[in-house]
Amino acid sequence: MLKSLACYFFLWLLSHIGKNSFIWFGPIPRVTLYDPELIRDAFNKINDFQKPNANPLSKLLVRGLVTYDGEKWSKHRKIINPAFNIEKIKIMLPIFFISCNDLISQWEGMLSSDGSCELDVWPFLQNLVSDVISRTSFGSSYEEGKRIFELQKEQALLTTKAFMKAYIPGWRFLPTPTHRRMKEVNQDVKSSLKEIINKREQAMKAGESTENDLLGILLESNHKEIQEHGNNKDVGMTIDDVIEECKLFYFAGQETTAVLLVWTMVVLSRYPDWQARAREEVFQVFGNQKPDFDGMSRLKIVTMIFYEILRLYTPVISLARTVSNSVKIGNITLPAGVQVTLPIGLVHHDREIWGDDAKEFNPERFSEGISKATNDGKVSFFPFGWGPRICIGQNFAMVEAKMALALILQKFSFELSPTYTHAPSVVVTLQPKHGAHLILRKLKI
């Protein structure tokens, strides 16, 4: 399933003895840690294994919490945490429903007289999660938020294109059309976000109540942090910091959920028995009613399916770290400056860890939860990372995905179109290169 994406890593690993290996990347040794115990240590020792210095071009796409280390990371994590509190996510549930219900209405309007239609669901799912993250991030300013996120989508494509030539010495400094457009998009996004943030801060100073959206919660948390330290703004986030975190809302919130949903629909089209089981569970819990938070926590089969999709089609197939100081993990000593690769996709497909059916779709492996899903009982499943830096928005993504899939299953059955071509491809995240062409059929209830 990841053959086209991971063949380089497979060839690299097969040419070495054992699963932990290294190559020289120019003058820098690049180590791959394949052992789950060592991967866990790398995730937990955040001061020793830090985020690598980002390519200047990638900084135009996203910075924020995911790229910081040390004190700045700690400060931002503390300020952002309240925005992803489970109680805040519950408050946002009606917003999830509005966006998902709009998608259902769109698809219903496309049905032919026999109650079916063939379409590429991928752009629809991208638009769905873009709408959700726009509404939940900016509240009443979500239309402007959607425009910003369209620019961010363009920036992701431009970044991927630029990376293809990033290692030609001096290339990133040349004023190519791609580089110029990337800077234009970045400036447009920053200007638009600054305007939204300034308006919201002025409203807060005027005594208006804070909106229950991600931006409002973030600004309120930042303001509280500054007040608790005697109005010392050095302890809080600057406007530029807030802008980068808003850009990150899009990247993390939009990409992960869209990818999870599209591969879920593709795989359930290939396994109609699992699609039927998921639908039966949704009807048992909700009937034809609107999904609620308590009910979604009881969707065991749907959760098992999502975990298996995240294992087979993990949105980010590998993570990178740089060793800041000489460190020993297991029986390996890594000197400062070594680059480390954590190959999530390969670990998720390892037969020694997951069994002989590692490359097969089998949600039953998660029937007793994540901890009992593998043969080794170790840290072998980490689509959202692990340790102190585990993705702050994972609950947000899972609740949004459950809402969307539950509503889809209530209204439609779906199968692969004859025109569907299976081609997972990395465009920052693992996406269907040729789309996801499915046949939808309206359920007769």
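**Entry 1**

I noted the cut-offs: buried is under 20% relative accessible area, exposed is over 50%, and partly exposed is in between, with a 1.4 Å probe and protein chains only. The model is a predicted one, in which local features need pLDDT of at least 70 and side-chain atom pairs count only at pLDDT 80 or more, whereas totals for chains, interfaces and linings use all residues. Residues are numbered from 1 along each chain as its sequence is written, and side-chain values use heavy atoms, with hydrogens and water left out.

Which residue meets arginine 181 in a salt bridge? I found glutamate 154, with the two side chains at 2.7 Å, N to O. Arginine 181 lies in helix H7 (residues 177-205) and glutamate 154 in helix H6 (residues 142-163), so the pair ties together parts that are 27 residues apart in sequence. Glutamate 154 is partly exposed, with a relative accessible area of 26%. For the term itself, I recorded that a salt bridge is a side-chain nitrogen of Lys or Arg within 4 Å of a carboxyl oxygen of Asp or Glu. Helices (H or I, at least four residues) and strands (E, at least two) are DSSP runs, numbered from the N terminus.

**Entry 2: Other salt bridges**

How many salt bridges does the structure hold? I recorded 19.

I next took glutamate 225 and lysine 78, whose side chains meet in a salt bridge at 3.4 Å, N to O. This pair links distant parts of the chain, with glutamate 225 in helix H8 (residues 214-228) and lysine 78 in helix H3, 147 residues apart. Glutamate 225 counts as buried at 10% relative accessibility, whereas lysine 78 is partly exposed, with a relative accessible area of 48%.

I then looked within helix H7, where glutamate 195 and lysine 199 lie four residues apart, about one turn of the helix. Their side chains meet in a salt bridge at 3.5 Å, N to O. Glutamate 195 counts as partly exposed at 45% relative accessibility, and lysine 199 counts as exposed at 53%. I also noted one network, in which salt bridges that share partners join Glu308, Arg311, Asp357 and Arg365.

**Entry 3: Helix H3 and histidine 76**

Which residues of helix H3 (residues 70-80) are buried? I listed Trp73, His76, Arg77, Ile79 and Ile80. Seen down the axis of H3, these buried residues fall within an arc of 165 degrees, so they line one face of the helix. The arc is that of the directions from the helix axis to the C-beta atoms.

I examined histidine 76 in more detail; at 0% relative accessibility, this residue counts as buried. Not counting residues up to four places away in sequence, histidine 76 touches Leu65, Tyr68, Met237, Asp241 and Glu245. Contact here means heavy atoms within 4.5 Å. The side chain of histidine 76 also makes a polar contact with the side chain of glutamate 245, at 2.7 Å. A polar contact is a pair of N or O atoms within 3.5 Å; within protein, one must be able to donate a hydrogen and the other to accept it, and residues adjacent in sequence count only if both atoms are side-chain atoms.

**Entry 4: Aspartate 114**

I located aspartate 114 in the loop between helix H4 (86-109) and strand S4 (116-120). Is aspartate 114 buried or exposed? At 55% relative accessibility, aspartate 114 counts as exposed. Its side chain makes a polar contact with the side chain of serine 112 at 2.4 Å and another with that of serine 116 at 2.8 Å. The C-alpha atoms of aspartate 114 and lysine 442 are separated by 8.8 Å, although the two residues are 328 residues apart along the chain.

**Entry 5: An open sheet**

I traced an open sheet of five strands in the order S1-S2-S8-S5-S3, with mixed pairing. Strand S1 (21-25) and strand S3 (49-50) stand at the edges, each with a single partner strand, so one side of each is left without a neighbour in the sheet. Two strands pair if DSSP finds at least two bridges between them. Strand S2 (residues 28-32) and strand S8 (residues 339-342) pair in the parallel sense over three bridges, and valine 31 stands opposite valine 340 in S8.

**Entry 6: The whole chain**

Buried residues make up 53% of its 445 residues.
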